[in-house]
Amino acid sequence: MNPSNHVRIVEVGARDGLQNEKTLLPAEVKIALIDRLSATGLQTIEATSFVSPKWVPQLADAAEVFRGIRKVPGVSYPVLVPNLQGYERAREAGATDIAVFTAASEAFNRRNINASIDESIERFVPVMEQAQADEVTVRGYVSTVLGCPYQGEVPVADVVRVARRMYELGCDEISLGDTIGVGTPARARAMLHAVAQEVPIDALAVHFHDTYGQALANILACLEEGVRVVDSAVSGTGGCPYAKGATGNVASEDVVYMLHGMGMETGVDLDLLVATGAWLAAQLHKETASRVTRARTAVG
Ligand code: HMG
Ligand code: MG
């Protein structure tokens, strides 16, 4: 059992959330979103993504957004990069923390980044080398850890192999992503347990999408297994454009509510987060997917 009572939330709404929303938000609204998130006490806020704008037009304004946000001391603002070209764009905009990504499923990688697992890893070797030279921190995402929209089952051994490889290459943290939200608590826990035999638990994070309403239960199982870094998106926005049927990420408000209810601390002001979730839903003209925000808004 991990004795630490502190959970670090990695807020991914401005990237994972907005990359899959039909409504294209102007750069100034994205900047306002991140500035509001910075005021909630979150320590890590994924700001945007320097992928190909042809593949993800929602985040084509990455440089403008990154330059425009207020960087609060002590808060990190990682950005997603798929290759050296993305890395250079991110650095030019001033990024000092990046995230690279691949999947445990061959079929998903092909659709998401037009490469096999091995090719995708080859692609980010030079990114990692450059990042190490520049003292840039690198998070590594492994997608489809509990199922793939194209190949179905994903063997745990494949998840372990990819996570270990990314860790060996120098990723500071590995986020294990249930991209399509098909996991259930016992499987989530078993997968995390297997990966933690090869990568220290303190270097692992969990990333759940909430397609079947399992995300909070999965997070709880993984907390019991010892993880202390949890990804989530304010208002439960998002999904993956290359994972049909995947719904939003688990809502940050719901995660923080659960953690505080368990006596764990996050450093996040839940009221400010709820207000930000409601504000974002209004910008997107949609109902918030956070149960906490809906309940609070309903009672005024
Ligand atoms: P490609 O078409 O195979 O690449 O895309 P290419 O190298 O042949 O380049 C094609 C064109 O893209 C060229 O331009 C490049 O310059 C340009 P053209 O000559 O045709 O005008 N290009 C770029 N432009 C800007 N920034 C770049 C960049 N790279 C190439 N960085 C590529 C390969 C990887 C670029 C593409 O497939 C891509 O950008 N994919 C991104 C897909 C994506 O963002 N998916 C969602 C993120 S992953 C996720 O959400 C899962 C996660 O949340 C965890 C989970 O839930 O499991 C992290
Ligand atoms: Mg995701």
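Reader: Where does G170 lie, and which residues does G170 touch beyond those up to four places away in sequence?
Author: This is a predicted model, and in it G170 sits in the loop that runs between α7 (156-169) and β7 (173-178). The C-alpha atom of G170 is separated by 16 Å from that of L84, a residue 86 places apart from it along the chain. Once residues up to four places away in sequence are set aside, the residues that G170 touches are M128 and Q132.

Reader: Is G170 buried, partly exposed or exposed?
Author: A residue counts as buried under 20% relative accessible area and as exposed over 50%, with partly exposed in between. The relative accessible area of G170 is 27%, so G170 is partly exposed.

Reader: Which residues come nearest to ligand 1, and how many residues are around ligand 1?
Author: The residues that come nearest to ligand 1 are Q19, N83, R89, S143 and T179. They belong to a shell that, sorted by class, has 11 nonpolar, 12 polar and five charged residues. The number of residues around ligand 1 is 28.

Reader: Which element gives the largest share of the shell around ligand 1?
Author: The elements that contribute two or more residues to this shell are α1 (13-17), α4 (84-92), α5 (106-113) and β6 (137-143). The largest share, three residues, comes from α4.

Reader: R15 is charged, so is its place in the fold buried or exposed, and what is the relative accessibility?
Author: R15 is placed in helix α1, where an N or O atom of its side chain is 3.0 Å from an oxygen atom of ligand 1. The R15 side chain also makes a polar contact of 2.7 Å with the side chain of E46, and, beyond residues up to four places away in sequence, R15 touches residues including A47, L59, Y141 and H207. Because the cut-off for buried is under 20%, R15 counts as buried, with a relative accessibility of 5%.

Reader: Which value does phi take in E135, and is E135 buried or exposed?
Author: E135 is found in the loop between α6 and β6, and with 72% relative accessibility E135 counts as exposed. Like any positive phi in a residue other than glycine, the angle of E135 can be read directly from the backbone, and its value is near 55°.

Reader: Which residues touch the most other members of the largest nonpolar core?
Author: In soluble globular proteins, nonpolar side chains tend to be buried together. The largest nonpolar core here has 99 residues, and helix α6 (residues 117-134) gives it the largest share, seven residues. Leaving aside neighbours within four places in sequence, I98 is in contact with residues including V79, V81, V127, A131 and V138. The members that touch the most others are I98, V100 and L176.

Reader: What is the relative accessible area of T293, and where does T293 lie?
Author: T293 lies in helix α12 (residues 291-298). Apart from its neighbours within four places in sequence, T293 is in contact with E253, V274, G277, A278 and T288. T293 is buried, and its relative accessible area is 0%.

Reader: How far apart in space are Q85 and S52, C-alpha to C-alpha?
Author: Q85 has its place in helix α4 and, at 57% relative accessibility, counts as exposed. Q85 and S52 are 33 residues apart in sequence, and their C-alpha to C-alpha distance is 9.2 Å.

Technical notes:
Residues are numbered from 1 along each chain as its sequence is written. Chains are lettered from A and ligands numbered from 1 in the order in which they are written. This is a predicted model: local features need pLDDT of at least 70, side-chain atom pairs count only at pLDDT 80 or more; totals for chains, interfaces and linings use all residues. Side-chain values use heavy atoms; hydrogens and water are left out. A residue is near a molecule or strand if one of its heavy atoms lies within 4 Å of it. A polar contact is a pair of N or O atoms within 3.5 Å; within protein, one must be able to donate a hydrogen and the other to accept it, and residues adjacent in sequence count only if both atoms are side-chain atoms. Ala, Val, Leu, Ile, Met, Phe, Trp, Tyr, Cys and Pro count as nonpolar, Asp, Glu, Lys and Arg as charged, and the others, Gly among them, as polar. A nonpolar core is a set of buried Ala, Val, Leu, Ile, Met, Phe, Trp, Tyr and Cys residues joined through side-chain atoms within 4.5 Å. Buried means under 20% relative accessible area, exposed over 50%, partly exposed in between (1.4 Å probe, protein chains only). Contact means heavy atoms within 4.5 Å.
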